[in-house]
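The following note sets out points for a colleague who is examining this structure. Please read them alongside the sequence and the coordinates.

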Amino acid sequence: MSRDRGPWLVLGLALGLLTGCSLTLAAPPPAGEIPFRTQPWPTPTPALPPTGLSLQTGQSLFREYCAACHGLRGEGNGPQAPSLRARVPDARLALTGSLATREASLRDWFQVVTQGRMERGMPSWSNTLSERERWAVVFYAWSLAVPPEALAEAGGRYREACAACHGEDGRKGPAPLADPERVLQSAPAAWIEALQPGRIAAHAELRPLPADVREALITYLPQLAFSVADGEALQPPQPVATASVSGQVLNGTTEAPAAGVTVTLYAMIEASPVFSRTVQTGTDGAFRFEAVPIYPEAAYLPVAEWQEVAYPAAHPLTLTAGQEVTLTLMVFDRTADPGGIRIDQVHWILQPLADRLLVTEVWVFSNVGSTTYGGAGRPGMIFPLPPGAANLQVTEGELGLRYRQEGDRLVDTAPLPPGMGYQAAFGYEIPLAQARTLTLRTIYPVDRWNLLIAGGALQASSPGLRDLGVRTIGGTTYRLYEIDPPAPGEARAIALQPRTPVPPWLAPALIVLGAGLAVGLGRLWRRQAVDPIDEIAQLDEAYAAGEVDEATYRRRRAALMARALRQGQAGGSRPG
């Protein structure tokens, strides 16, 4: 697998190390590696999946990466499903349709999980999950076509209906059922058709089988062909008691009760939804969930959906038997007016190579208005791109889902509720011959704009530009500048001049340097990648100690819970 990431990896390391420095007039840019590449990564089709996979492993991975969109049982009802469908109407999240109409084979599913299908909201998982893990997820997702109890009985059903002709292991006869290639290539609809009495000569005397038995047998075939383990153990968690959850939804824009709002209550175990129920608010904004099942170790998250934007509660709930919980949820009207958006700071980091300039932009911004900006697949934040920008990459997912490129601008379609801070990081490359002038543009007010140039090959000049000197960070030299930001709708040109010729050994030297910086970045990255549940616990302690005011506490709680939901994938989607 060929990955042209060396120079960008070094830039990501440098960006991460900048979190440890102190800029004179602005906070440093956030950490994070931007996974740039110059060509699509080839994904060869494997000959066969490994044997001895575990469906329980597939279940665990599915809950972690897929259930946020597909739902716990593949019914397309995960917490992120409404927002994904709003952005990608063609998203196909349900995995439990009748096998009689399913034309995609197991190999087709594996290819979709590996390569993604961006037009339907499905990202590629080849960089997140190993080949073995992807097969385990595919086998588990395939098993969701039938209830767990039916899958547990499928082995016995096979021995009763099929073993006499096909053998206990499925490898007997002129057309073995457990032939690995046949199981991978054949669509379920073809198998179902073959099980109809009289449809093929070998089944002329086959007695009719109920539809649920036929589907259980077809779902069982991958386990038979590849010795997949523990299919009988995949039972859903069982509730131990019930409780009630009620409350009111308020519209933060109008400061009035919000009628007709969709409220969904999710039960989450290890960030995976195991239960959900949906109601609508009345004219007074009230909602109520009766007889909510209580699962051991589950946290409960109410989410209000208004104008196609989801607003989770400020913190998850822990329910006990017979408990009555009351809470208030906030929603906001949505707007296309960017009047409430303020750019707190912009960081441009430049890395010159022999023939190109690698550019990373980090924007830190907030919504100080009373309405949610953007969302539901509509343009929100807009970031201008310079002429000649190529190989555009973003830190969150791939282009085509949350972010999309529209000519000379990058558009973010994520909603931005009021009272919260956000950041966006992206990068691109420009031929060095075209990079003699950089033009800074924005459609929003900007408080601070900083320029960082790696190495000593380039220097910048422009009216309103202040040279803050040279800093050495993690063994790499940066020249830091502060720029007077352009007004919204205006532009500011920055001239770049070479200081000295770029030596031919610079790129490999930077790559070697990156290996030395990785240890320092690892510490910073681990600090950034704290589990949001842990951050919630720390925030609770700070609030209880009086160190955080209530308004800040609620906003940060909501942001952390939204991030906890997004970690189910994030953008994870489904085969199809």
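Is glutamate 255 buried or exposed? The points below begin with this residue and refer throughout to a predicted model.

1. Glutamate 255. With a relative accessible area of 73%, glutamate 255 is exposed, because the cut-off for that class is over 50%. The residue is placed in the loop between strand 1 (241-251) and strand 2 (256-257). Its phi is positive, at about 60 degrees, although glutamate 255 is not a glycine. As background, most residues other than glycine have a negative phi.

2. Glutamine 307. A positive phi is also found at glutamine 307, where the value is near 50 degrees in a residue other than glycine. Glutamine 307 belongs to the loop between strand 6 and strand 7 (309-312). Its relative accessible area is 32%, so glutamine 307 is classed as partly exposed.

3. Alanine 241. Strand 1 contains alanine 241. When neighbours within four places in sequence are left aside, alanine 241 is in contact with Val292, Pro293, Ile294 and Ala321. Glutamine 323 is 82 residues away from alanine 241 along the chain, and the C-alpha atoms of the two are separated by 10.0 Å.

4. Valine 364. Strand 11 (residues 356-367) holds valine 364. A relative accessible area of 18% makes valine 364 buried, because the limit is under 20%. Aspartate 344 is 20 residues from valine 364 in sequence, while the C-alpha to C-alpha distance is 5.6 Å.

5. Cysteines. How many disulfides does the model contain? The count is zero, because two cysteine sulfur atoms would have to lie within 2.5 Å. Cysteine 66 is in no disulfide, and its nearest cysteine sulfur, belonging to cysteine 69, is 8.8 Å away. Cysteine 165 is likewise in no disulfide; the nearest cysteine sulfur is that of cysteine 162, at 8.4 Å. Cysteine 66 is buried, with a relative accessible area of 7%, whereas cysteine 165 is exposed, with 58%.

6. Aromatic residues. The whole structure contains 16 aromatic pairs. One of them joins phenylalanine 275 and tyrosine 295 in a tilted arrangement, with 6.4 Å centre to centre and 40 degrees between the planes. Phenylalanine 275 lies in strand 4 (residues 272-280) and tyrosine 295 in the loop between strand 5 (286-294) and strand 6 (299-306), so this pair ties together parts that are 20 residues apart in sequence. Both phenylalanine 275 and tyrosine 295 are buried. Separately, one aromatic cluster is formed by Trp348, Trp363, Phe365, Phe383, Tyr422, Phe426 and Trp449.

7. Arginine 102 and tryptophan 142. The face of tryptophan 142 has arginine 102 lying over it, at 5.1 Å from the ring centre.

8. Helix packing. How are helix 7 and helix 11 oriented to each other? The axes of helix 7 (residues 148-161) and helix 11 (residues 211-226) come within 8 Å and cross at roughly 85 degrees. The two helices are therefore roughly perpendicular, because that class covers angles of 65 to 115 degrees. On the helix 7 side, the residues that meet helix 11 are Ala150, Leu151, Ala154, Gly155, Arg157 and Tyr158. Their counterparts in helix 11 are Val213, Ala216, Leu217, Thr219, Tyr220, Gln223 and Leu224.

Key:
Residues are numbered from 1 along each chain as its sequence is written. This is a predicted model: local features need pLDDT of at least 70, side-chain atom pairs count only at pLDDT 80 or more; totals for chains, interfaces and linings use all residues. Side-chain values use heavy atoms; hydrogens and water are left out. Helices (H or I, at least four residues) and strands (E, at least two) are DSSP runs, numbered from the N terminus. Buried means under 20% relative accessible area, exposed over 50%, partly exposed in between (1.4 Å probe, protein chains only). Rings of Phe, Tyr and Trp (its six-membered ring) pair if their centres lie within 6.5 Å; planes under 30 degrees apart count as stacked, over 60 as edge-to-face and the rest as tilted. A charge sits over a ring if NZ of Lys or CZ of Arg is within 6 Å of the ring centre and within 35 degrees of the ring normal. Axes are lines fitted to C-alpha atoms, for helices over the stretch in contact, and angles run from 0 to 180 degrees between N-to-C directions. Angles under 35 degrees count as roughly parallel, over 145 as roughly antiparallel, 65 to 115 as roughly perpendicular and the rest as oblique. Contact means heavy atoms within 4.5 Å.
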